[in-house]
Amino acid sequence: MLDPDLVGRTFHGAEVVVISQSQIDQFCAVVGETVTEVSPPTFSISITLDQSQTLLQDSGLDWSRVVHGDQKFVISRPLIAGDSVTCSSTIESARVMAGNEIVTVRSDLHSGSELLVSTWSTLVVRA
Amino acid sequence: MIEVGQVLATKNYPVDRALLLAYANASGDHNPIHQNEEFALSVGLPNVIAHGMLTMALAGKYLSDIAGPAAVKEFSARFTKPVVVPADTTVLLEISGTVLSIEDSVAKIDLTVICDGQKVLGNAKAQIVLA
């Protein structure tokens, strides 16, 4: 079970992730996007999913039982090649419904002090 | 130019096992339920299923085609039904959109994503800045 004391706490990643053009090109190729100067709308999940798992690895959240319920992106400015971003993740809410834990994780990607993208993932942890 | 109430053209997006592998490599999500049939069956799924985020990525491409990828400011969806992808099969995602409102050059779009006659995304909404 998730540690309830962690709800509302923000974990700041120390790792700087540098976005490469080849990463963006690879994602664009999958969806058939020909405009590659900026990353596609959902590209940032490939950064935040991995980062949030690392940041929240001691939270008690059982990632092996997680099913993705909802996803939201708010994009101030799309990621582009050369961006150096850091991730911070917050467990915004946690509740139990029909024996399953429903956890909403927000992750923010910053370049310096500029917030570029926020993602919200609602995860259902199967009982 | 798009208008309030306009129904945007339906587009089809083919999905097969090769695309699931390509998405896994591009996104770093290597959960075996998206690759390995034996594993998918063992956890109670009908077959290998597509990443929900692949479905959302393809819907993102539909949105990008309206005013370019940089115009998409918000995008949210609920994963309501799995997209089942049997071996040696191509399934189709049928994506369409309706323009709910336009205010201060921001269009709110409601998306419908259907696979095999069923809605696979619920409450799929986006905001796009129009040039």
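Predicted model: local features only at pLDDT ≥ 70, side-chain atom pairs only at ≥ 80, totals over all residues.

Guide: Gln26(A), Phe27(A) and Val30(A) of H1(A) meet Leu19(B), Ala22(B), Tyr23(B), Asn25(B) and Ala26(B) of H1(B). Sorted by class, this contact of H1(A) with H1(B) holds six nonpolar and two polar residues, and no charged ones. The axes of the two helices, H1(A) and H1(B), come within 9 Å and cross at roughly 160°. At that angle, H1(A) is roughly antiparallel to H1(B), because the crossing is over the 145 degrees required for that description. The crossing of H1(A) and H1(B) is left-handed.

Now H1(B) itself. Helix H1 of chain B spans residues 17–27, and its buried residues are Leu19(B), Leu20(B), Tyr23(B), Ala26(B) and Ser27(B). These residues lie on the same side of H1(B), because the arc they cover around the axis is only 130°. Leu19(B), Tyr23(B) and Ala26(B), listed among the buried residues, are also among those that meet H1(A). The packing of the buried residues involves both chains: from chain A, helix H1 (21–31) and helix H2 (45–55), and from chain B, strand E1 (7–15) and helix H3 (52–67). Just after H1(B) comes Gly28(B), with a positive phi of about 80°.

In total, 28 residues of chain B are in contact with 24 residues of chain A. On the chain B side, the elements that give two or more residues are H1, H3 and strand E2 (72–79). H3(B) gives the most, with nine residues. By class, the residues on this side of chain B divide into 15 nonpolar, eight polar and five charged.

H3(B) therefore deserves a brief look through one of its residues, since it gives the most to the side of chain B that touches chain A. Leu63(B) lies in this helix. It counts as buried because 25 C-beta neighbours fall inside 10 Å, where 20 or more are needed. Setting aside residues up to four places away in sequence, Leu63(B) touches Pro41(A) in the other chain, and Val72(B), Phe75(B), Ile109(B), Ala126(B) and Ile128(B) in its own. As for Gln118(B), it is 55 residues from Leu63(B) in sequence, and the C-alpha to C-alpha separation of the two is 20 Å.

Notes. Residues numbered from 1 in each chain as written. Chains lettered and ligands numbered in written order. Buried ≥ 20, exposed ≤ 12 C-beta atoms within 10 Å, placed from the backbone. Helix = DSSP H or I, 4+ residues; strand = E, 2+ residues; numbered from the N terminus. Arc of directions from axis to C-beta. Contact = placed C-beta atoms within 7 Å. Axes fitted to C-alpha atoms, helices over the stretch in contact; angles between N-to-C directions. Parallel < 35°, antiparallel > 145°, perpendicular 65-115°, else oblique. Left-handed = near helix turned anticlockwise from the far one by under 90°. Nonpolar A, V, L, I, M, F, W, Y, C, P; charged D, E, K, R; others polar.
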